[in-house]
Amino acid sequence: MFQIGKTIVSEDIIEKDFVCNLSACKGACCVEGEAGAPVEEEEIEKLKEVYAEVKPFLRKEGIEAIEAQGTHIKNDFGEYETPLVNGAECAYVTFDDKGTALCGIEGAYRAGKIDWKKPISCELYPVRVQSYSQFAAVNYHRWPICDDACSLGKELQTPIYKFVKEALIKKFGEDWYLEVEKVAENYKK
């Protein structure tokens, strides 16, 4: 672990390689698991604000889940997340003709309908951020469904922090990211 400002960062994000391989996993991270994607408190209003524009990009099942549960839910731990369809996939998930899970929010963004890509937790994946009162922990979330992403990352020699560079900068700022790069460079020596 290393510290940058008020973050404690796992060395895994500079040691481990990762590049999403949608053709292999079919977007399983949006479908598997027992919870929706984490949503930051600041993103709650954004989800409500963009929903009308995102709705045409969603499946009937997703719309029904959102309209029954809300644009976000609060879990048993008091944290916010996206609602699920029948306890399975994220309500914002769509599927292409090959069965690959895609994000309806990102679909609306790419179509120029909204100016927000999706929750930062989704952009950061496989990095997960856990906020505490005095600091934030920045960790790599290992999951067997991402084994193909690890293999592709290794083949392309792309460490996690480089794969999610844009999202890390969005979350923590460019200066923070430059510090990660310095740590990574010194780490190699």
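Visitor: Which residue's side chain meets that of Asp-115 in a salt bridge?

Guide: This is a predicted model. Side chains of opposite charge can pair when their charged atoms come close. Here the N to O distance is 3.0 Å, and the partner of Asp-115 is Lys-46.

Visitor: How many residues apart in sequence are the parts that Asp-115 and Lys-46 tie together?

Guide: Asp-115 lies in the loop between α5 (104–110) and α6 (120–124), while Lys-46 is in helix α3. The pair therefore ties together parts whose separation in sequence is 69 residues.

Visitor: Is Lys-46 buried or exposed?

Guide: Buried means under 20% relative accessible area. Lys-46 has 19% relative accessibility, so Lys-46 counts as buried.

Visitor: Is Asp-115 buried or exposed?

Guide: A residue is exposed when its relative accessible area is over 50%. Asp-115 has 63% relative accessibility, so Asp-115 counts as exposed.

Visitor: Which residue is linked with Lys-46 and Asp-115 in a network of salt bridges?

Guide: Lys-46 and Asp-115 form a salt bridge with each other. The network of salt bridges has one further member, Glu-49.

Visitor: Where does the salt-bridge partner of Glu-40 lie?

Guide: The side chain of Glu-40 meets that of Lys-171 at 2.5 Å, N to O. Glu-40 itself is in the loop between β3 (38–39) and α3 (44–54). Lys-171 lies in helix α9 (residues 165–172).

Visitor: How many salt bridges does the structure hold?

Guide: One of them joins Asp-12 and Arg-142, at 2.3 Å, N to O. That pair links distant parts of the chain, 130 residues apart. The total number of salt bridges in the structure is 13.

Note on methods
Residues are numbered from 1 along each chain as its sequence is written. This is a predicted model: local features need pLDDT of at least 70, side-chain atom pairs count only at pLDDT 80 or more; totals for chains, interfaces and linings use all residues. Side-chain values use heavy atoms; hydrogens and water are left out. A salt bridge is a side-chain nitrogen of Lys or Arg within 4 Å of a carboxyl oxygen of Asp or Glu. Helices (H or I, at least four residues) and strands (E, at least two) are DSSP runs, numbered from the N terminus. Buried means under 20% relative accessible area, exposed over 50%, partly exposed in between (1.4 Å probe, protein chains only).
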